[in-house]
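This briefing walks through one protein model, topic by topic, for a reader who is meeting such a structure for the first time. Please keep the sequence and the three-dimensional view open while you read.

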Amino acid sequence: MGYTIAQKIIKEHLVSGEMTVGSEIALKIDQTLTQDATGTMAYLEFETMGLDRVKTEKSVAYIDHNTLQSGFENADDHRYIQTVAAKHGIYFSRPGNGICHQVHLERFGKPGKTLIGSDSHTPTGGGIGMLAMGAGGLDVAVAMGGGAYYITMPKMYKVNLTGKLRPFVSAKDISLEILRILSVKGGVGAIIEWGGEGIKNLSVPERATITNMGTELGATTSIFPSDEITKAFLEAEGRGEDYIPLSSDPDAVYDKVIDINLDELKPLIACPHSPDNVVTVESLKGTKVDQVCIGSCTNSSLLDMLKVAALLKGKTIKPTVSLSISPGSRQVLSMLADSGALSDILASGARLLECACGPCIGMGFSPNSAGVSLRTFNRNFEGRSGTADAGVYLVSPETAVAAALTGEITCPTLLGTMPEIKMPDNFKVDDSAVLAPASPEIAHDLEVLRGPNIKPFPKAFAQEDKLTATLALKVGDNITTDHIMPAGAKILPYRSNIPHLSQFCFGVCDKTFPERAKELGKSFIVGGSNYGQGSSREHAALVPMYLGVRVVIAKSFARIHAANLINAGIMPLSFKNADDYDKLNEGDTLTITDVFEGMDKGEITLTDETSGESFTLTCSFTDRQKAILKAGGLLQYTKLN
């Protein structure tokens with residue numbers, strides 16, 4: 001039996017474990033990336049381990065999230081990251097150089113290599129044949145120190161593309177179609193490989209859009225072959241030597257195969273408040289639009305921006321619409337300017353924003369109250385835009401332009417003839433905004449600069465064999481990390497200050513939770529299906545841990561968040577009978593007993609002291625995860641081992 005692309009890379013990087021679906025495997029990591037919203041904590045963790053130098057082939061620290069500096073906090077974090085990077089062997093991408101995933105794709109990603117990043121959209125690297133996965137900051141810190149990255153061996157899914165995209169239908173529509181088919185939890189526990197004749201007409205930026213959006217499926221990662229298209233992209237970036245061919249074996253076996261005919265695909269749109277709430281653009285025609293945002297790590301490549309410029313050329317956006325443009329990197333912005341395309345964009349009335357994440361994480365450009373915002377982003381979770389009652393829709397750049405020009409949701413096919421976009425043979429390479437680390441000889445004497453907003457890593461609690469505590473919060477299905485620990489310009493500056501950050505925990509669901517949890521001292525949380533979907537932000541585990549949450553019980557968990565909970569010393573347990581969820585009430589006193597024995601058996605008994613009922617909870621922890629929980633989290637476990 002042959003191997004899939006992902007299985008080949010896993011086999012090459014396997015440190016321990018067997019490649020049997022559902023079993024724990026440990027992987028050697030070649031590259032890491034961080035961004036500033038998660039990076040400060042990751043480097044604090046790395047320092048706590050007492051390591052002098054990173055041991056990866058390449059580690060890069062990006063500044064792309066917290067770029068609004070309305071106070072000293074973000075600037076202090078950036079200074080800290082720059083100095084810690086110089087000291088410990090990490091490359092530093094300066095503010096304004098671009099979004100981590102776009103820049104990494106352009107300048108550092110290599111086919112066949114492993115990459116983990118403290119950002120859930122790290123699978124963007126799968127667009128050039130990397131095994132690229134989002135992870136918690138602590139997992140990234142361990143990998144930087146030379147430690148293995150542990151995951152459950154995933155299933156393998158294959159998506160076969162046939163046909164060819166019609167004008168005004170793009171890679172974003174392919175992403176929305178697979179979300180329509182599988183849902184936001186349909187990829188959980190799987191790696192999605194893209195293939196078929198249809199991929200031959202997809203450029204690397206288009207492939208990267210698809211692997212980026214694969215995160216919203218809950219997939220471990222997504223990956224494309226490394227072929228002649230990959231080779232041409234790397235050569236255009238002046239990195240032809242990084243190319244290797246990589247494809248699946250003809251007799252590779254997949255757990256699921258999905259066929260999509262690109263000839264039949266129409267422009268699609270994801271409605272509020274979930275990326276899988278997908279319908280055709282045509283079905284919503286005439287809906288008034290207040291705001292349009294084009295950019296993010298999903299759709300900010302040069303190809304995307306040239307399409308936008310060509311469609312806007314000689315036209316003016318509707319007076320009732322505000323349009324923002326965020327190029328994904330300094331390379332993209334520079335080439336737009338040199339080609340004259342930037343002038344076409346600006347002449348339309350669009351507002352040019354920094355080469356950063358910006359509106360995607362609620363960092364500026366929030367919609368008006370109850371506004372309708374069309375965005376070429378990857379998430380439209382409630383409140384993520386910074387406006388609680390906004391209706392955010394996810395669309396392709398083509399559909400976004402159509403809405404900006406007409407003031408309403410409009411099928412882009414009505415814009416006439418799609419202009420022909422010719423990509424340059426060579427990209428403009430300028431790595432002056434990527435600072436190399438100091439040499440080991442010099443690094444020893446460098447000072448790491450910390451501002452007053454940077455607080456120490458919070459203390460975790462070792463799991464107890466018996467625990468009685470109050471059910472502090474009960475939430476529903478598809479609770480995202482944005483629900484647990486919101487983003488946005490008001491909150492993100494405090495990512496390195498867990499005590500201050502804690503006051504915003506679960507603010508979207510229940511603003512009284514933080515105060516209540518602190519008063520209780522220790523507590524349970526109960527959730528529904530797919531608890532913790534969304535970003536890799538470990539703050540969604542660290543902050544509840546700081547507030548005393550010891551156990552989260554849910555119908556099911558998102559992969560990265562479950563790992564982050566364990567890393568923080570919080571035990572994730574599942575209902576054996578999903579209907580038992582309905583029998584637990586906020587405020588009930590709950591007890592779990594014989595926890596350590598239950599970890600080994602895979603079942604733990606929960607007693608609701610308030611109602612007198614007992615329930616069976618399930619778990620499937622590896623020996624390593626049990627040891628982490630008993631030690632009080634991954635950081636303490638690493639120090640002990």
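Predicted model: local features only at pLDDT ≥ 70, side-chain atom pairs only at ≥ 80, totals over all residues.

H273 is found in the loop between strand β13 (268-270) and strand β14 (278-280), and the peptide bond that joins P272 to H273 is cis, with an omega of about -5°.

**Loops and backbone angles**

- A370, which has its place in the loop between β17 (351-352) and β18 (372-375), has a positive phi of about 60° although this residue is not a glycine.
- The relative accessible area of A370 is 53%, and because exposed means over 50%, this residue counts as exposed.
- D594 lies in the loop between β25 (589-593) and α19 (595-601), and here too a residue other than glycine has a positive phi, with a value near 50°.
- With a relative accessibility of 45%, D594 counts as partly exposed.

**A buried glycine and its neighbours**

- The C-alpha atoms of G534 and T480 are separated by 5.4 Å, although the two residues are 54 residues apart along the chain.
- When residues up to four places away in sequence are left out of the count, G534 touches S120, R379, F381 and T481.

**Strands and their pairing**

- Strand β2 (residues 24-27) is joined by two bridges to strand β1 (residues 14-16), and these two strands run antiparallel.
- Strand β2 is also joined to strand β8 (residues 149-152), in this case by four bridges, and this pair runs antiparallel.
- A26 of β2 takes part in both pairings, as the bridge partner of S16 and as a residue whose bridge partner in β8 is Y150.
- Strand β9 (residues 155-162) is joined to β10 by six bridges, and these two strands run parallel; V159 has W194 in β10 as its bridge partner.
- Six of the six residues of strand β10 (residues 190-195) are buried, so this strand is largely enclosed by the rest of the structure.
- On β10, A190, I192 and W194 point one way, while I191, E193 and G195 point the other way, and all of them are buried.

- Helix α12 (residues 397-406) is mostly covered, with nine of its ten residues buried.
- Among the buried residues of α12 are P397, E398 and T399, together with A400, V401, A402 and L405.
- The buried residues of α12 pack against the strands β15 (291-294), β16 (322-325) and β18, and against helix α9 (302-312).

**The protein as a whole**

- The protein has 21 helices and 27 strands.
- Its radius of gyration is 24 Å, which is close to the 26 Å that the globule rule gives for 641 residues, so the protein is as compact as a globular protein of that length.
- Taken along the principal axes, the box filled by the C-alpha atoms is roughly 70 × 60 × 60 Å.
- Of the 641 residues, 63% count as buried, and the accessible surface comes to about 22,400 Å², of which 49% belongs to carbon and sulfur atoms.
- Among the contacts between residues at least 6 apart in sequence, 77% join residues that are at least 24 apart.
- There are 60 positive and 73 negative side chains in the protein, and the centres of these two sets lie 2 Å apart.

Terms used: Residues numbered from 1 in each chain as written. Heavy atoms only, no water. Pairing = 2+ DSSP bridges. Rg over C-alpha atoms; globule rule 2.2 N^0.38 Å. Buried < 20%, exposed > 50% of the residue type's maximum accessible area, 1.4 Å probe, protein only. Contact = heavy atoms within 4.5 Å. Areas by Shrake-Rupley, 256 points an atom, 1.4 Å probe, with all protein chains shown as cover. Lys, Arg positive; Asp, Glu negative; His and termini not counted. Charge placed at Lys NZ, Arg CZ, Asp CG, Glu CD.
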